[in-house]
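This report looks at charged pairs and at one helix. Please view the chain below before reading on.

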Amino acid sequence: MASISRRMLLSGLAGGLAAPAIGQAAVPFADYPFPLGVAAGDPDAGGFVIWTRLAPRPEALDRGLGNRPVAVRYEVAEDRGFDRIVRSGEVVARPELGHSVHVTLEGLAPDRVYHYRFRAGGEASPVGRGRTLPAASAAVAEVRLGVAGCQDYQSGFYTAFRHLAREDCHAIFHYGDYMYEYGPRAAIWNAGTGEYLATVRRHDGPETFSLDDYRRRYTLIRSDVDLQEAHRSACWLASYDDHEVVNNWAGETGPEGVDPALFRLRRAAAMQAWYEFMPVRADAFPWGGLSGPWRAYRWGTLLDARLLNTRAFRTDQPCGDRFGSLCPGIRDPKAEMIGRAQEDWLAKGFGATRWNALLQQVMMMNLERARPPEPRGVNVDSWAGYLVPRDRLLGRLSGVSNLVVLTGDEHQHWAGEVRRSDASPETAPAAIEFVTTSISSGSDGPGERADHAEILRRNPGLAYVRDERGYTVMRVTPEAWTCDFRVIDTVRTPGGRVSTHARFRVPAGTPRLERA
C-alpha cells in the first residue's frame with residue numbers, strides 16, 4: 001500500500017496536481033503573485049520541469065494566500081512572443097507545498113529551445129527559457145554547460161549569476177549550497193586574506209531549523225534579481241550539498257551532540273523546502289524526509305553527465321571532521337560516500353558517448369592540505385576523507401574514457417588530475433577535475449593566497465588554483481573539453497565585472513590538462 005500511495009503521489013506531482021474545479025478569478029491577490037520568478041530544470045529529450053511559487057506577500061508565512069489552493073495556468077511556446085504555443089494547462093499551487101508549482105513537460109521536440117510562463121489571478125509571470133536534450137542517437141557538435149554554487153547571501157551580491165545568464169548555456173549545473181543556514185552576522189571570515197570582513201547584507205531571520213525557517217530563507221534568496229535572471233536563462237541541474245540543511249551533515253549525522261532523531265526532523269524540513277524551491281522532477285519529492293535521487297543527462301552521442309548525491313548516503317566524516325588533519329579513519333573499509341546502490345548505477349551506465357562526466361559536490365582529488373602544526377592532512381569532508389570508497393569507485397570506472405569531474409564546495413577555482421590514492425604521479429589519471437569557485441561565499445578573494453605556491457608544489461597533479469568569486473563555463477566538443485574559469489572583480493558592491501582568468505583544454509582520448 002505504501003508503494004502504491006507513493007506512485008499515485010508522484011504521478012500527481014509530475015502532472016502539477018491538476019484540479020480544474022478551482023477557478024482563478026475567485027482568488028484576489030494582495031500584490032503581484034510572481035515576485036520569486038520562474039525556473040526550469042531536469043531536462044530530457046522530451047521535456048523538462050517548469051517551476052514557480054505564488055507569493056503576493058513573500059514575507060508572510062502564508063505568502064498572503066492563507067490555506068487556499070490556487071489555480072495556475074502555464075503556457076509553453078516555441079517563440080518568446082508566445083505566438084506558437086505548443087503546451088498549456090492548469091495546475092494547482094497547494095499550501096502544503098508553500099504554493100509552489102512543478103509541471104513536468106513531456107512530448108516536446110528534442111534539442112529545442114522553448115519559452116514558458118505562468119498566469120494566475122489575471123497576472124502573468126516573467127518568461128523563462130529551457131532547452132530539451134538531444135535524442136540519444138543524435139550527433140551533437142557542442143554542449144555549453146555552466147557551473148555555479150556556494151552563494152552565501154551575507155557574503156556578497158549575486159553579480160556572477162547575471163553574467164552567467166548571458167553565457168547562452170545549454171544547461172546550468174548548480175552543485176549546492178544554494179542557501180546557508182546561519183542567522184544574521186555582522187562579519188564573515190575571509191580565508192583568503194585571513195581576516196573578518198563586514199557582511200554585505202543580512203539574513204532576515206535566525207538560524208534555520210523549522211520548515212517555516214527554511215522557507216523564509218529560500219524566499220529571501222529567491223528575491224535576488226540576478227539569481228532570477230540565471231534561472232530564467234536555462235534549465236538547471238539542481239543538487240544540494242550541506243548548507244541546505246546544516247554545515248557538514250553526513251547521512252544520518254548532524255551537528256555534534258545532536259540526537260540523530262532530532263537531526264532527522266531538521267533534515268526533513270530542509271528537504272521539503274529544497275524541493276519546494278527547486279525545478280526538479282517528482283521523484284525528488286522528499287519521501288520519508290529525504291530527497292535523494294541521482295540523475296543522468298545525455299547530450300546525444302557527445303556527453304553522458306551523471307549528477308551524484310554525495311551528502312545523503314555517506315557515513316560520518318573521519319578525524320573528528322577536522323579540516324587539514326590525517327587519521328586512520330580516512331581508510332575505513334566501512335566508509336561510504338555515495339552508497340552502494342548509487343555506486344552500482346554509476347559504474348554500469350557509461351560507454352555510449354564520447355565524453356563522460358560526474359557532476360557532484362565535493363572535491364575528488366586527493367590533495368595534501370595540511371594546516372600547521374600538522375605535517376600532513378586532507379579535507380576530510382571531501383573524497384580524500386573516504387579513500388576506500390573513492391578508490392573502489394575509480395577502479396570500477398577504470399574502463400570509462402574521457403572522464404571529467406565537475407565539483408564545487410571549495411570556494412576556489414581548481415584544476416587537476418584524479419588518481420587512485422596508491423597511484424604514482426607518473427601514471428595516467430583516471431579523470432580530470434574542474435572545481436568551480438563560489439558565487440559569493442567568502443566574499444572577495446585575493447586571487448593568489450599565501451599558501452597556493454606550497455599547495456601546488458606538494459600536489460604534482462594539481463595545475464591551477466585561484467581564490468576569486470565567479471563560475472565556470474564548460475564547452476564540450478568531439479575534439480576537446482574546454483573549461484573557462486570566470487572571475488568577478490568584486491561581489492561587495494553591485495555591478496562587478498567578469499573576466500576569464502584561465503582556460504584549460506582536455507583533448508579527447510588523452511587525460512591531460514593543457515593551458516589554452
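Is Asp-224 buried or exposed? At 9% relative accessibility, Asp-224 is buried. Buried here means under 20% relative accessible area, exposed means over 50%, and partly exposed lies in between (1.4 Å probe, protein chains only).

The model is predicted: local features need pLDDT of at least 70, side-chain atom pairs count only at pLDDT 80 or more, and totals for chains, interfaces and linings use all residues. Residues are numbered from 1 along each chain as its sequence is written, and side-chain values use heavy atoms, with hydrogens and water left out.

**Salt bridges**

A salt bridge is a side-chain nitrogen of Lys or Arg within 4 Å of a carboxyl oxygen of Asp or Glu. By this rule the count is 48.

| Pair | Closest N and O atoms |
|---|---|
| Arg-201 and Asp-224 | 3.0 Å |
| Arg-392 and Glu-336 | 3.1 Å |
| Arg-449 and Asp-467 | 2.9 Å |

Helices (H or I, at least four residues) and strands (E, at least two) are DSSP runs, numbered from the N terminus.

Take the salt bridge of Arg-201 with Asp-224. Arg-201 sits in the loop between strand S12 (195-198) and helix H3 (211-222), and Asp-224 in the loop between H3 and helix H4 (225-233), so the pair ties together parts 23 residues apart in sequence. Arg-201 is buried, at 13% relative accessible area.

Next comes Arg-392 with Glu-336. Arg-392 lies in helix H7 (residues 387-396) and Glu-336 in the loop between strand S15 (303-307) and helix H6 (340-349), so this pair joins parts 56 residues apart in sequence. Glu-336 is buried, at 14% relative accessibility.

In the pair Arg-449 and Asp-467, both partners are in loops: Arg-449 between strand S19 (431-435) and helix H8 (452-458), Asp-467 between strand S20 (462-466) and strand S21 (470-476), so parts 18 residues apart in sequence are tied together. Arg-449 is buried at 15% relative accessible area. Asp-467 is buried at 2%.

**Helix H6**

Which residues of H6 are buried? They are Gln-342, Glu-343 and Leu-346. Seen down the axis of H6, they fall within an arc of 100° (taken from the directions from the helix axis to the C-beta atoms), so they line one face of the helix. These buried residues pack against S15, strand S16 (355-359) and H7, where contact means heavy atoms within 4.5 Å. The face turned away from the buried side carries exposed Ala-341 and Lys-348. Just after H6, Gly-351 takes a positive phi of about 130°.
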